[in-house]
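Please find below a short note on the model under review.

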Amino acid sequence: MTTTSEDWTARAAALADDIEKAGVPLSAEWRAAVGAVPRHVLVPEFYEQQGNQWRKVSRRQQLLEATYSLKTLVTHVTDGQPTSSSTTPTLMLRMLDWLDVHDGHDVLEIGTGTGYNAALLSARLGDAHVFSVDVEPELVELARQRLAETGYKPTLRAMNGADGMPDHAPFDRIIATCSVPHIPLTWFEQLRTYGLLLADLKLGMNAGNLVLLRRLPDRLEGRFVNRWGSFMSLRPEPAATLDPPAQQERSAGEVRERTTLIEGTPWFDDLVPWFMLHLDGTVQAGATFGVTMDSTLGRPDGTHLVDVDGSWCEVDLRVDGKPRRVRQGGDRNLWDAVENAYTAWAGLRHPGWERLGLTVTADHQTVWVDEPDGHRWPLPEPR
Ligand SMILES: C[S@@+](CC[C@H](N)C(=O)[O-])C[C@H]1O[C@@H](n2cnc3c(N)ncnc32)[C@H](O)[C@@H]1O
């Protein structure tokens with residue numbers, strides 16, 4: 001695409017302003033990096049969802065508007081599923097701020113995707129200090145070409161990011177832009193002592209958050225961040241091997257009815273108790289949830305959760321402020337377990353993410369409340 005530098009430099013400067021207006025303070029260095037990176041070169045096309053289809057967008061004007069906006073842009077689709085995206089610049093810059101990089105730091109990124117984040121890091125630190133891996137060889141090759149067009153040559157590899165980049169370790173910082181159900185020990189081993197790791201720990205859909213860990217001599221330790229963020233899952237192999245998204249099947253048989261005074265729906269509204277349900281093993285990683293719509297009013301009238309064993313619950317969303325009707329079936333009363341998680345959360349004085357922390361050693365990974373020796377749960381073994 002031919003675009004004059006005046007076109008994009010003004011847009012990139014305006015993007016930095018918009019990121020700040022959205023509540024992410026930018027240091028002079030990060031502001032300069034946002035202004036220096038032509039995002040439209042790294043994202044020369046993206047996909048928009050229309051019904052069940054993903055439509056490619058590459059028209060110049062639309063592209064310029066989208067790439068210098070705060071939108072997350074889907075950039076790779078395999079068998080109808082998004083498999084790579086360029087995350088909203090507000091989240092990327094917030095994460096780069098949390099990562100607390102300094103001149104001379106070597107940074108490893110897991111999940112190269114478009115290369116936009118690698119370009120920002122290269123603008124900030126110099127490309128000799130930037131290392132990035134993606135499991136998709138095709139994406140790595142495109143990112144390599146487009147980064148070179150922007151003048152950056154960070155070290156890129158097509159490989160499983162769970163293995164880090166052993167031949168360039170140790171790193172001062174590691175940032176993972178795909179989610180993991182536990183922290184790979186290689187990241188611990190490849191981080192310099194007192195270095196920082198920022199990763200997205202997710203035990204299931206919406207069940208977890210970004211966590212910032214410091215490498216101590218014998219462990220990684222730190223807290224979840226006070227904003228919620230989410231990335232696509234780390235895949236052990238390129239996406240061609242992904243299964244279609246699973247909708248769990250409800251068990252047939254007896255339907256049990258009750259009411260509830262709980263107003264929220266944990267999987268959408270109260271993500272800490274939702275995380276706790278996964279930590280104690282009540283809900284499994286593959287559980288699915290959704291809403292049903294009232295087509296007349298155009299708003300949801302119910303929400304449901306189905307766990308991998310077929311146990312399910314369904315909550316009526318039509319009655320505001322009154323006991324809601326609940327139906328549940330299968331071997332376990334799932335909504336009863338949801339209520340127990342709310343009670344346990346209340347017993348801990350409703351911790352938000354910032355009161356939750358994680359300790360990772362060679363032998364165990366433990367989530368805790370307030371202090372490492374406070375109330376705690378071992379991370380469930382990944383399935
Ligand atoms: C949200 S995108 C990353 C966005 C990227 N940082 C950017 O600036 O555009 C997540 C990326 O993680 C990659 N990914 C998934 N599994 C991976 C793995 N095992 N190792 C490395 N990358 C992986 C995906 O292919 C995808 O490109």
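**Notes on the ligand site and a hairpin**

1. The model is predicted. In it, a nitrogen atom of the ligand lies 2.8 Å from an N or O atom in the side chain of N160.

2. A polar backbone atom of R235 is 2.6 Å from a ligand nitrogen atom, and a polar backbone atom of S85 is 3.5 Å from a ligand oxygen atom. On its own the ligand has 600 Å² of accessible area, and the protein covers 100% of this area.

3. The space that the ligand takes up is the largest cavity. The largest share, 4 residues, belongs to β4.

4. How many residues surround the ligand, and which are the closest? The shell numbers 27 residues, with S84, T114, D134, G161 and R235 the closest. By class, 14 of the shell residues are polar, 9 are nonpolar and 4 are charged.

5. A separate point concerns strands β1 (residues 46–50) and β2 (residues 53–57). These strands run antiparallel and are joined by 5 bridges.

6. The hairpin formed by β1 and β2 has 2 residues between the strands. In the turn, G51 has a positive phi of about 60 degrees.

Notes: Residues are numbered from 1 along each chain as its sequence is written. This is a predicted model: local features need pLDDT of at least 70, side-chain atom pairs count only at pLDDT 80 or more; totals for chains, interfaces and linings use all residues. Side-chain values use heavy atoms; hydrogens and water are left out. A residue is near a molecule or strand if one of its heavy atoms lies within 4 Å of it. A polar contact is a pair of N or O atoms within 3.5 Å; within protein, one must be able to donate a hydrogen and the other to accept it, and residues adjacent in sequence count only if both atoms are side-chain atoms. Accessible areas come from the Shrake-Rupley method with a 1.4 Å probe; for residues, only the protein chains shown count as cover. On a 1 Å grid over the protein atoms alone, a cavity is a set of points where a 1.4 Å probe fits but cannot get out, and a pocket is an open set with protein on both sides within 12 Å along at least five of seven lines; lining residues have an atom within 4 Å of a point. A molecule sits in a cavity or pocket if more than half of its atoms lie within 2 Å of its grid points. Ala, Val, Leu, Ile, Met, Phe, Trp, Tyr, Cys and Pro count as nonpolar, Asp, Glu, Lys and Arg as charged, and the others, Gly among them, as polar. Two strands pair if DSSP finds at least two bridges between them.
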